[in-house]
Amino acid sequence: MRLTRPGTFLRWLDRHGLARLGIAAAARRGDAQARLFFDPAIRDDPYPFYREVREAGALVRGRLMWSTTRHDAVVAVLRGEAFSSDLESLPAPGPLAVVRRLGRSGRPIGPADPPSMLVVDPPTHTRYRRLVAKVFTPRAIEGLRPRIERHAEALLDDLPQAPGDTVEIVGRYASLLPLTVIAEILGVPQDMRQRFLAWGEAATPTLDLGLTLRQYHHAEDAIRQLNAWLRGHFARLRVDPGDDLLSRLVHLDSEGERLTEEELLATAGLLLVAGFETTVNLLGTGIYLLIRHPDQLGALRERPDGWPNAVEEILRYDSPAQTTARYCRADTEVAGVPVRAGEIVVPMMGGANRDPAVFPDPDRFDITRANARDHLSFSSGVHYCLGAALARLEGQLGLSAFFERYPDAALAAVPRRRSTRVLRGYDHLPVRLRP
Ligand code: HEM
């Protein structure tokens with residue numbers, strides 16, 4: 001590994017290094033919540049842990065933060081005006097403030113760095129999101145339908161067709177479909193797509209907490225290369241716009257308002273990571289769950305209009321985005337529990353989605369569940385996922401195309417989970433397409 005730049009080290013220390021130390025120390029002292037970040041058994045199956053947290057209270061205090069897996073409390077935090085997504089503005093004690101200030105210089109703009117809309121608060125967030133939403137309209141998303149269908153069919157045509165062949169379906173399908181769609185949205189040429197995939201994969205762990213220095217270094221390198229390529233790409237689109245959403249964003253001038261180069265960089269990086277690394281998990285998990293529930297797959301064959309609700313149930317049952325974080329800006333109360341300014345709260349959407357107060361028999365996978373859509377997998381409040389409509393469309397088209405072609409697909413080996421904790425899914429899912 002190359003030598004780490006001093007700035008990279010300081011940023012790692014501020015974002016991940018100190019958190020790693022704090023979480024490890026809390027775990028050693030028996031802090032139950034710290035286990036979420038280290039315990040491999042909880043990574044593999046977090047649901048018993050979420051139940052413990054819910055049964056312990058609406059909001060549960062650990063040594064480092066509050067956690068909640070109760071649906072009403074998760075909504076209250078995500079929608080509460082006292083809570084901020086801008087964790088960088090969390091007041092830091094003297095030495096940490098210096099580390100943070102020094103780390104700012106020379107920082108590449110990653111998907112979870114300001115001015116990414118994911119980590120800024122209103123009113124900056126409002127302006128920024130309004131501008132991006134002008135391009136990301138429901139009509140523009142619906143307009144992508146025929147292309148998504150075409151891409152899905154083309155990717156399925158490329159799979160090995162001989163009976164008995166085993167295919168690693170995440171690498172060959174679940175990742176390539178969202179990658180192709182997001183590359184099209186961003187106007188990325190065909191020959192750049194594999195590099196984009198590599199940059200996206202390297203940058204994604206920055207959405208997690210407690211990276212090692214090596215992981216962080218690798219992610220920053222990828223983000224730096226992505227930034228450099230995007231700057232050139234914006235310059236090309238300015239003189240020669242394409243038929244893609246990014247070209248429209250680059251040329252957007254709404255009553256004299258436009259996105260700055262930095263904001264465009266953050267948006268394109270966020271769309272790449274948020275649009276790709278989550279949807280791959282929706283498709284991979286969906287394929288796994290439906291293979292494991294052949295009766296429900298059979299019901300979808302009889303009633304294809306059940307696909308939209310099946311996608312909601314997949315999102316509820318095993319969400320691609322399990323948790324997020326907020327810090328409290330002003331003393332407040334959540335479900336009657338006082339929370340003080342400066343404290344961190346972790347709303348666990350994956351846990352709220354199994355709250356029996358909202359979802360009867362929550363551990364049962366049921367594609368006909370009437371209120372499956374009440375899940376919180378796309379968050380809630382001002383940061384509600386900008387790409388939710390696109391993700392739903394990709395889920396419905398991608399899964400139905402796969403199972404129409406391969407109704408008898410079967411698991412060929414035990415699948416392997418991704419190592420990330422905020423994002424949840426499989427990175428290795430071998431299936432046999434034909435008996
Ligand atoms: C199954 C797929 C997806 C899931 C589960 C998902 C989940 C989420 C969640 C939980 C958040 C909010 C995090 C928070 O409140 O802190 C979010 C925000 C966001 N998502 Fe998604 N997402 C998905 C697909 C997509 C796609 C396809 C795109 C775009 C191409 C996208 C773009 C975004 C953007 C831009 C934001 C930031 C919105 C804001 O801060 O205002 N997502 N997503």
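Student: In which loop is the place of Pro 115?

Tutor: This is a predicted model, where local features need pLDDT of at least 70, side-chain atom pairs count only at pLDDT 80 or more, and totals for chains, interfaces and linings use all residues. Residues are numbered from 1 along each chain as its sequence is written. Helices (DSSP H or I, at least four residues) and strands (E, at least two) are numbered from the N terminus. On that numbering, Pro 115 is in the loop between helix 6 (94–104) and helix 7 (124–135).

Student: What is omega for the peptide bond between Pro 114 and Pro 115?

Tutor: Most peptide bonds are trans. The bond that joins Pro 114 and Pro 115 is cis, and its omega is about 5 degrees.

Student: Which peptide bond involving Pro 123 is cis?

Tutor: Pro 123 lies in the loop between helix 6 and helix 7. Omega is near 5 degrees for the cis bond from Pro 122 to Pro 123.

Student: Which residues have the most contacts inside the largest nonpolar core?

Tutor: A nonpolar core is a set of buried Ala, Val, Leu, Ile, Met, Phe, Trp, Tyr and Cys joined through C-beta atoms within 7 Å. The largest one has 111 residues, and the most contacts inside it belong to Val 74, Ile 182, Leu 186 and Ile 287. The largest share of this core, ten residues, comes from helix 15 (residues 261–276).

Student: Why is helix 11 largely enclosed by the rest of the structure?

Tutor: A residue is buried if 20 or more other C-beta atoms (placed from the backbone) lie within 10 Å of its own, exposed if 12 or fewer, and partly exposed in between. The buried residues of helix 11 include Leu 176, Pro 178, Thr 180 and Glu 184. Helix 11 (residues 176–185) is largely enclosed because its buried residues number ten of ten.

Student: Which residues of helix 20 meet helix 9?

Tutor: On the helix 9 side, the residues are Arg 145, Ile 148, Glu 149, Ala 152, Glu 153 and Leu 156. By class, the contact of helix 9 with helix 20 has seven nonpolar, one polar and five charged residues, where Asp, Glu, Lys and Arg count as charged, Ala, Val, Leu, Ile, Met, Phe, Trp, Tyr, Cys and Pro as nonpolar, and the others, Gly among them, as polar. From helix 20 come Leu 393, Glu 394, Leu 397, Gly 398, Ala 401, Phe 402 and Arg 405.

Student: Which helix gives the most to the shell around the ligand?

Tutor: The shell has 24 residues, with Gly 275, Thr 278, Ser 379, Cys 385 and Gly 387 coming nearest; a residue is near if its C-beta atom, placed from the backbone, lies within 6 Å. By class, 14 shell residues are nonpolar, nine polar and one charged. Helix 15, helix 16 (279–292) and helix 20 each supply at least two. The most, four residues, comes from helix 15.

Student: Is Ser 379 buried or exposed?

Tutor: Ser 379 is found in the loop between helix 19 and helix 20. Although not a glycine, Ser 379 has a positive phi of about 70 degrees. It has 20 C-beta neighbours inside 10 Å, so Ser 379 counts as buried.

Student: Is Asp 361 buried or exposed?

Tutor: Asp 361 is found in the loop between helix 19 (349–352) and helix 20. Its phi is positive, near 50 degrees. Because 8 other C-beta atoms lie within 10 Å, Asp 361 is exposed.

Student: With which residues is Leu 209 in contact, leaving aside neighbours within four places in sequence?

Tutor: Leu 209 lies in the loop between helix 12 (193–203) and helix 13 (213–239). It has 19 C-beta neighbours inside 10 Å and so counts as partly exposed. Beyond its sequence neighbours within four places, Leu 209 is in contact with His 16, Ala 19 and Phe 37.

Student: How many Å separate the C-alpha atoms of Asp 158 and Ala 341?

Tutor: Asp 158 lies in the loop between helix 9 and strand 4. It is exposed, with 11 other C-beta atoms within 10 Å. Asp 158 and Ala 341 are 183 residues apart along the chain, and their C-alpha atoms are separated by 54 Å.

Terms used: Contact = placed C-beta atoms within 7 Å.
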